[in-house]
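The tour below starts from the whole chain and then moves to single selections.

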Amino acid sequence: MTQETELLVGQTASLGQYALPVMRELRDDLNETVTLAIRVGDSIVYTDPVQSTNVICYSAPLRVRRPLWPTSAGKVFPSQEQDPESTLRALESEPLEEGTVAARLRELEEVARTGMGFNRGETVGDVSAVAVGVRRADELVGSISVAGPRERLAHRLEEIGHAV
């Protein structure tokens with residue numbers, strides 16, 4: 001086991017235990033999949049899901065690195081940084097066009113202002129999601145997202161974000 005993996009295991013156990021009651025309550029209220037994500041370098045890792053009971057629902061890949069952008073859970077992290085533009089540029093293997101950088105920075109400003117990161121079919125075309133940060137003593141330690149089919153969630157994302 002690598003040192004990074006050992007750190008990840010220890011961190012997710014305590015954070016998952018802390019968040020699980022809230023996540024279950026959200027799933028019971030919304031009946032959509034609720035997932036905890038943590039940041040690992042320039043990625044996020046989904047660690048703890050509470051699955052929807054709907055037959056058709058979102059099922060996040062667990063314990064694998066996913067990009068910060070365009071996931072709703074991942075957008076929360078750079079929105080809280082001093083220099084989100086540097087993070088955005090570092091995430092891409094090819095240089096981003098200035099218009100793309102400007103649009104993403106505007107979106108991150110909105111995430112910082114509202115506390116909610118949205119994904120409107122950007123990762124998976126028919127899935128929508130909203131995420132909010134999880135803080136421990138003013139430190140952003142994770143994010144909780146609610147995700148499901150766009151047909152059920154697209155018109156309710158802000159309402160769901162406020163519930164989270």
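Along the sequence, the order of elements is α-β-β-β-α-α-α-β-β-β-α-α, which makes 6 helices and 6 strands; helices (H or I, at least four residues) and strands (E, at least two) are DSSP runs, numbered from the N terminus. The radius of gyration is 15 Å, close to the 15 Å that the globule rule gives for 164 residues, so the chain is as compact as a globular protein of that length. That radius is taken over C-alpha atoms, and the rule is 2.2 Å times the number of residues to the power 0.38.

This is a predicted model, in which local features need pLDDT of at least 70 and side-chain atom pairs count only at pLDDT 80 or more, while totals for chains, interfaces and linings use all residues. Residues are numbered from 1 along each chain as its sequence is written, and side-chain values use heavy atoms, with hydrogens and water left out.

Buried residues make up 45% of the 164 (buried is under 20% relative accessible area, exposed over 50%, partly exposed in between; 1.4 Å probe, protein chains only). Of the contacts with a separation of 6 or more, 52% join residues 24 or more positions apart, a contact being heavy atoms within 4.5 Å.

Next, select helix H3, residues 84-91. Pro-84, Thr-87 and Leu-88 are buried here. Viewed down the axis of H3, the buried residues fall within an arc of 100°, so they line one face of the helix; the arc is that of the directions from the helix axis to the C-beta atoms.

Move to Asn-31, in the loop between helix H1 (3-30) and E1. Its relative accessibility of 22% makes Asn-31 partly exposed. Beyond neighbours within four places in sequence, Asn-31 contacts Leu-26, Ser-52, Thr-53 and Asn-54. Its phi is positive, near 50°.

Now select Ala-137, in the loop between strand E5 (127-136) and strand E6 (139-149). Is this residue, Ala-137, buried or exposed? Ala-137 is exposed, at 76% relative accessible area. Phi of Ala-137 is also positive, about 50°. Most residues other than glycine have a negative phi, and most peptide bonds are trans.

Last, go to Pro-70, in the loop between strand E3 (65-67) and helix H2 (72-75). The peptide bond joining Trp-69 and Pro-70 is cis, with omega about 15°.
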